[in-house]
Structure formats: structure tokens, C-alpha cells
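These are my notebook entries on a structure that I had not examined before.

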Amino acid sequence: MKVNLIIPAKEDERNLPGIIKPLLKNKNIKNIILVLHKKNKKKILTNKKLKIIVQKKPGYGAAIKEGFKISDAKFSCIFNADGSFNIKSLKKMILLTKKNNFVFASRYMKGAGSNDDNLITLFGNYLFSFLGKALLNIKLNDILYTYVLCNTKKFNNFNLINNDFRLCVELPYNVESTNQNYTFIQSKEFKRKFGKKNVNEFKDGFLILTEVIKCFAKKIMKT
């Protein structure tokens, strides 16, 4: 089975060919949907496997959702444009789709790790993963890592609301609360090659916390 890659690309257009060219040769990838923050005057690449769209609404979450809406593959994978995701994990993730609609990558398992974390992001990732388990019953130890392979139709059926990094909580909450089959595997996160961190640890951390509380309130109301 081949999958589509959804790449949110709020990055310098000069860096994108360095990320995309190796991916175009990957036998596990059907098409790459590159979601640009704004229209580029210069052509990034021309390839029949590459589809470039400009997102209509701002935000990381919006880019992901708009990419999924036009994906024609049964499974689509979120893949960042900064060079930090390990493409070698994709093959293992695809094998797990035989029994799972969603496969999450994790940096915090034996054999994994992150070269891009700092103390603040490491603490935040562990904290929100703990809250996800304790309050929302999300069985992930790396809830904020967006390297996720999703059943395209089921992802779109969620009609996710958030257009920013709160999608990182909203997605796994919907997966868990609708009783989807899901699992996770270890994957090494590399030091990013391109771009800067788009996450503001405190501002976005606060937004993510509000989303955890919001989802917890939904869970209580359902019960």
C-alpha cells in the first residue's frame, strides 16, 4: 500500500526541494501534498507526484486539514517540512494499518529519542502526554508529536475544529473517544535541518492546556 504525505510548509521555499526530492523517490509514497502558507512566485519543483496548494486559513492545523481534504489515498501521513521526521519509520507505520486506522510515532519509547527537544519542550511533552492519559484516556506517551499516519476518510469525518497546534490534542482525543483502532511506534526525531521552531512554548502550551480541559469537559458531559 502507498500513502500520501501531507506536508504543512510554513518554511523558506529555498529549503523545500532538499526535503521533497528524497521523498519523491520513496516507494511507499503515492503523492506528496505540499501545503504552502502563501503562494510562491518561483516553482519549487515539478513532479507528477507533487501537488502544491495554498492554504485558505492560517495555522498549522488548518494546513493539515486542507491537505487531508484533497488526499485521494486510503491513508495519509502528516510529515513536517523541517527535516526532523524519520522517513524510515513510515514503512513500519504502513504495516500497522492492517489492524489500525491511526498509527502515531513516538519519541519517548526505547530505541527512539529526540535531538530537537529542549528542557521546556521535553517537560511540556511529558506533561501533556500524562494529562492525555490521566484525563482523556489517550493511550499515547507522546501526544503532541504530529508524525501520524491516518485513515484519510476517518480523519476527515472528525471535522476537526482547531486550526493551530491544539489539533495535536483534538486529533488523538477524537481517535480515542470514537473507539478507533490505533497504536504507536518508536521513531527518532532528528535535529531540524530547516526553519525555526514555530511553537511558542508558553503561548501554544497554554492553548494546548485549554484544549485538554475542553476535551475533558466533553468527556464528562458524555458520561
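Entry 1: a term, and Asn15. Before reading burial values I noted the cut-offs: a residue is buried under 20% relative accessible area, exposed over 50%, and partly exposed in between. I also noted that the model is a predicted one. I then applied the cut-offs to Asn15, which counts as partly exposed because its relative accessibility is 22%. I placed Asn15 in the loop between strand E1 (3-9) and helix H1 (16-24).

Entry 2: the whole protein. I asked how many helices and strands there are in the protein. I found seven helices and nine strands. Along the principal axes, the C-alpha atoms fill a box of roughly 50 × 35 × 35 Å. I compared the radius of gyration with the rule for a compact globule: 223 residues would give a value near 17 Å, and the protein has 17 Å, so the two agree. Of the 223 residues, 52% count as buried. I also looked at how contacts span the sequence. Among those between residues at least 6 apart, 76% join residues at least 24 apart.

Entry 3: surface and charge. The protein exposes about 11900 Å², and carbon and sulfur atoms supply 56% of that area. I recorded 43 positive and 16 negative charges. The mean positions of the two sets are 8 Å apart.

Entry 4: Asn162. Is Asn162 buried or exposed? I found it buried, because its relative accessibility is 6%, and the cut-off for that class is under 20%. Asn162 sits in the loop between helix H5 (152-157) and helix H6 (167-177). Setting aside neighbours within four places in sequence, I listed its contacts as Gly61, Lys65, Leu167, Glu170 and Glu211. With Glu211 there is also a polar contact between the side chains, at 3.2 Å.

Entry 5: two residues with positive phi. I kept in mind that most residues other than glycine have a negative phi. Asn159 is not a glycine, yet its phi is positive, at about 50°. Asn159 lies in the loop between H5 and H6, and I class Asn159 as exposed because its relative accessibility is 61%. Asn137 likewise has a positive phi without being glycine, with a value near 60°. I located Asn137 in the loop between helix H4 (119-136) and strand E7 (148-151). At 36% relative accessibility, Asn137 counts as partly exposed.

Entry 6: Arg192. I asked which side chains make polar contacts with the side chain of Arg192. I recorded Asp82, at 3.1 Å, and Asp116, at 2.8 Å. Arg192 is found in the loop between strand E9 (188-189) and helix H7 (203-222). I also looked up Asn80, which is 112 residues from Arg192 along the chain. The C-alpha atoms of Arg192 and Asn80 are separated by 9.8 Å.

Technical notes. Residues are numbered from 1 along each chain as its sequence is written. This is a predicted model: local features need pLDDT of at least 70, side-chain atom pairs count only at pLDDT 80 or more; totals for chains, interfaces and linings use all residues. Side-chain values use heavy atoms; hydrogens and water are left out. Helices (H or I, at least four residues) and strands (E, at least two) are DSSP runs, numbered from the N terminus. Buried means under 20% relative accessible area, exposed over 50%, partly exposed in between (1.4 Å probe, protein chains only). A polar contact is a pair of N or O atoms within 3.5 Å; within protein, one must be able to donate a hydrogen and the other to accept it, and residues adjacent in sequence count only if both atoms are side-chain atoms. Contact means heavy atoms within 4.5 Å. The radius of gyration is taken over C-alpha atoms; the globule rule is 2.2 Å times the number of residues to the power 0.38. Accessible areas come from the Shrake-Rupley method with a 1.4 Å probe; for residues, only the protein chains shown count as cover. Lys and Arg count as positive and Asp and Glu as negative; His and the chain ends are not counted. The place of a charge is taken as NZ of Lys, CZ of Arg, CG of Asp or CD of Glu.
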